[in-house]
Amino acid sequence: MKEFETIILGGGASGCMCMLSSKQESVAIIDKESKIAKKLLVTGNGRCNISNLNVNSNFYNINIDKYLKKFKSPQTLKFFEGLGLICYADEEGRLYPISNTAKSVVNVIENAVQKKNVSTYLDNNVLDVKRDNDKFIIITDKDKFLCKKLVVATGKSDILDKLGVKYKQFTPSLCSLKTNSTHSLNNVRIRNVKVTGVCDGKEKSDVGEILFKEAGISGIALFNISTLFARAGKYEGKIYLDLMPKISSDELESYLLKRRDIDLAVPNFFDGMFAREVAYEILNRAKVDENKTSTKLTKEEIKKFIKIIKNLEFTVKGYFPNNQVYSGGVSLDDLDDNLQHKVIKNLYFCGEICNVDGECGGYNLQWAWTSGHIVGKSI
């Protein structure tokens with residue numbers, strides 16, 4: 001049996017930050033992957049959006065201000081600069097490595113881990129975790145470990161059940177949503193759309209890009225709306241799209257009433273405004289006679305168009321298994337300011353295993369860095 005003062009379960013973002021922030025010498029990382037920080041390679045479409053200059057609690061499911069005060073995006077930048085990573089911010093404050101590849105982030109983390117010369121046990125699947133008096137026993141498919149302090153940085157895991165820790169059920173978040181048929185819109189991308197989700201009487205809106213799938217909707221704006229359903233623990237409700245959020249209904253009515261004088265065939269009425277697939281969707285929903293010309297469109301039919309354009313409705317029927325994070329986990333109310341369990345001494349949590357989830361834009365990785373740093377400094 002291998003024995004350490006501290007064992008970190010999970011070699012992802014929060015686990016690596018925890019280890020690199022700690023002055024503890026007798027520490028080991030156990031991870032099921034074959035590579036440290038492997039999951040980072042697919043974040044930010046392979047570019048690794050490590051944080052955001054505008055990070056604050058408004059982008060999360062709960063208030064985490066007291067934790068962010070200890071370690072926020074400026075500290076994250078300084079930390080990674082110390083490892084040799086150069087970053088830049090885009091127009092929305094999202095921070096990326098200047099190389100625009102997540103491999104750069106993984107490389108500097110790997111270098112730092114090797115330099116610190118800590119023990120790493122990769123390709124180890126944790127089979128069991130249990131308490132033995134004031135210590136913890138970890139059993140993997142390859143070895144047994146003993147430690148005084150245990151850090152759980154695994155993300156969604158059954159380890160919580162093995163330790164007898166209460167938690168909110170995990171649900172996929174930042175994911176594409178299944179809806180009623182979108183077959184005719186498949187692969188159509190629309191930018192600057194206002195997306196509103198409604199679930200259990202609550203609603204959430206975001207403006208950005210969406211992408212229609214065969215039987216659902218994807219895109220960054222939709223991912224952010226998916227947090228509403230994830231936090232409710234159910235993927236049932238409505239999605240409303242405002243295809244022209246910068247124009248009021250009255251302005252749109254005035255424009256369409258003038259537009260009908262162009263004298264177009266109804267199927268071509270929206271040419272120059274929307275992609276053909278979107279135009280057909282509007283026309284089909286309005287049930288307008290497509291054999292007449294636009295000059296024959298009535299004011300009532302124009303109002304139908306406006307209602308559809310400003311409130312294109314879809315019924316949510318589930319999610320696609322492409323989620324970037326999970327909602328749920330250990331409540332911060334059950335942890336102290338150092339993210340140590342209030343009842344089980346020397347048991348710490350950081351990263352996605354905590355009931356903290358954010359929107360797209362580097363917010364979830366910032367929580368990983370923040371929580372990992374806090375735990376690392378306290379163990």
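## A salt-bridge network

Let's start with three residues that belong together: Asp 90, Glu 92 and Arg 94 are linked in a network of salt bridges. Keep in mind that this is a predicted model. Within the trio, Arg 94 pairs with Glu 92, and their closest N and O atoms sit 3.9 Å apart.

How exposed are the two partners? Arg 94 counts as buried, at 17% relative accessibility, while Glu 92 comes out at 47% and counts as partly exposed.

## Other salt bridges

The structure holds 21 salt bridges. Another of them joins Glu 110 to Lys 35, with the closest N and O atoms 2.8 Å apart. This pair links distant parts of the chain, as the two residues are 75 residues apart. Glu 110 is in helix H4 (residues 102-116), and Lys 35 is in the loop between strand E2 (27-30) and strand E3 (51-52). Lys 35 counts as partly exposed, with 28% relative accessibility.

Then there's the salt bridge between the side chains of Arg 189 and Glu 209, at 2.6 Å from N to O. Arg 189 lies in strand E12 (residues 189-199) and Glu 209 in strand E13 (residues 202-213), so this pair ties together parts that are 20 residues apart in sequence. Arg 189 is partly exposed, with a relative accessible area of 44%. Glu 209 is partly exposed too, at 24%.

Lys 149 has its place in strand E9 (residues 144-152). Leaving aside neighbours within four places in sequence, Lys 149 touches Glu 5, Thr 6 and Ile 7, along with Asn 346, Ser 378 and Ile 379.

## Cysteines, but no disulfides

How many disulfides does a search of the whole structure find? The answer is zero. Cys 350 is in no disulfide, and the nearest cysteine sulfur, in Cys 18, is 5.0 Å away. Cys 350 is also buried, with a relative accessible area of 0%.

What about Cys 87? The closest cysteine sulfur to that of Cys 87 belongs to Cys 48 and is 8.5 Å away, which means the two are too far apart for a bond. For scale, the cut-off for a disulfide is a pair of sulfur atoms within 2.5 Å.

## The whole protein

Now for the wider view. The protein has ten helices and 18 strands, and its C-alpha atoms fill a box of roughly 85 × 40 × 35 Å along the principal axes. Of its 379 residues, 53% are buried. Take the contacts between residues at least 6 apart in sequence, and 70% of them join residues at least 24 apart.

Methods: Residues numbered from 1 in each chain as written. Predicted model: local features only at pLDDT ≥ 70, side-chain atom pairs only at ≥ 80, totals over all residues. Heavy atoms only, no water. Buried < 20%, exposed > 50% of the residue type's maximum accessible area, 1.4 Å probe, protein only. Helix = DSSP H or I, 4+ residues; strand = E, 2+ residues; numbered from the N terminus. Contact = heavy atoms within 4.5 Å. Salt bridge = Lys/Arg side-chain N within 4 Å of Asp/Glu carboxyl O.
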